Amino acid sequence: MNEPNSVADTAANPASQDKLVPRNLPDLRQKKVPSQQRAVETFERILAACGDLLGEVGIERLSTNLVCQRAGISPPALYQYFPNKYAILCELAERLMRSQNGLLKPWATAETWRLPEPELAASIADLFIRTLQLTEQMPAGIWITRALRAVPTLQEVRHSSHELVTDLLVQPFMQAYPQADQTEVRLTLRLGIDALYAAQELLFDNPKLEPRAVARTMAAMVTGQLVKLRQSE
């Protein structure tokens, strides 16, 4: 079964677009959530098979037929839960981002933002390393990270996640420094988040780079901008 066209394919054909939503945008929603034990096992086999195949065949060659073969299920069994391969990737991506956010939530406090500059930079570097390690340990974590940037269909998932993280960070920063310009704080944090994720992807693509050196450099850059906002209070 052929996968739906990508967002890029739709954009190349204006006649096929609605004013607000491209008609050929693949559906990322699950068809149903498994509740019985056997259904849960099938659901998890689908995700595990997709994760394994990503590293073997890459994003472009991945297909629901390959996932079915690897999971040992029929296509109708897969299509009970997922309409296409992008919906499977979306579920894997959301699991990864929830795990990453699980590290961030206890860190994102007013007390953290009040740390002196060297300690704040060290704390950001430590969070970067822990997020990197979690991503490497998650099933298909590296490939899912790449897919979130490379696959047009999934880019909105990435943008939404980064916006959520930005919101999570802005609130305690403004609690610590209520007189800071919130618009500038939000912009700085949003750019910092994208820069840190880009640095993580760079480490996946270039294993010769030393992760802690990258973490220290990125943390110093982000902290320097945040300290300026703290001083403008």
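A residue counts as buried when its relative accessible area is under 20%. In this predicted model, 48% of the 233 residues of the protein are buried.

**Figure 1. The protein is built from 11 helices and zero strands.**
From the N terminus on, the order of elements is α-α-α-α-α-α-α-α-α-α-α. Taking the contacts between residues at least 6 apart in sequence, 69% link residues that are at least 24 apart.

**Figure 2. Helix α2 and helix α3 cross at roughly 130 degrees.**
Helix α2 covers residues 37-61 and helix α3 covers residues 64-71, and their axes come within 9 Å. Angles from 65 to 115 degrees count as roughly perpendicular and those over 145 as roughly antiparallel, so α2 is oblique to α3. The crossing of these two helices, α2 and α3, is right-handed. On the α2 side the contact is made by Arg 45, Ile 46, Ala 49, Cys 50, Asp 52, Leu 53, Glu 56, Val 57 and Arg 61. On the α3 side, Leu 66, Val 67, Arg 70 and Ala 71 take part.

**Figure 3. Asn 84 caps the N-terminal end of helix α5.**
A side-chain oxygen of Asn 84 lies 3.0 Å from the backbone nitrogen of Tyr 86. Helix α5 itself consists of 23 residues, 85-107. At 1.5 Å a residue α5 should span 33 Å, and its end C-alpha atoms are 34 Å apart, which agrees.

**Figure 4. Helix α7 packs its buried residues against several other helices.**
With 21 residues, α7 reaches 30 Å from its first C-alpha to its last, close to the 30 Å expected at 1.5 Å a residue. Its buried residues are Leu 120, Ala 121, Ser 123, Ile 124, Ala 125, Leu 127, Phe 128, Ile 129, Thr 131, Leu 132, Leu 134 and Thr 135. These buried residues of α7 pack against α5, α6 (110-113), α8 (141-150), α10 (182-205) and α11.

**Figure 5. Helix α7 and helix α11 pack at an angle of about 135 degrees.**
Helix α7 spans residues 117-137 and helix α11 spans residues 211-231, with the two axes 8 Å apart. The two helices, α7 and α11, are therefore oblique to each other. The crossing in which α7 passes α11 is right-handed. From α7, the residues in contact include Glu 117, Leu 120, Ile 124, Phe 128 and Gln 133. From α11, they include Pro 211, Arg 212, Ala 215, Ala 219, Val 222, Gly 224 and Arg 230.

Apart from its neighbours within four places in sequence, His 162 is in contact with Arg 190, Ile 193, Asp 194 and Tyr 197.

**Figure 6. Thr 166 is placed in helix α9.**
The relative accessible area of Thr 166 is 0%, so this residue is buried. Its side chain reaches the backbone oxygen of His 162 at 2.7 Å. Neighbours within four places in sequence aside, Thr 166 is in contact with Arg 186, Leu 189, Arg 190 and Ile 193.

Terms used
Residues numbered from 1 in each chain as written. Predicted model: local features only at pLDDT ≥ 70, side-chain atom pairs only at ≥ 80, totals over all residues. Heavy atoms only, no water. Helix = DSSP H or I, 4+ residues; strand = E, 2+ residues; numbered from the N terminus. Expected span 1.5 Å × (residues − 1). Polar contact = N/O pair within 3.5 Å; in protein donor to acceptor, adjacent residues only side chain to side chain. Contact = heavy atoms within 4.5 Å. Axes fitted to C-alpha atoms, helices over the stretch in contact; angles between N-to-C directions. Parallel < 35°, antiparallel > 145°, perpendicular 65-115°, else oblique. Left-handed = near helix turned anticlockwise from the far one by under 90°. Buried < 20%, exposed > 50% of the residue type's maximum accessible area, 1.4 Å probe, protein only.
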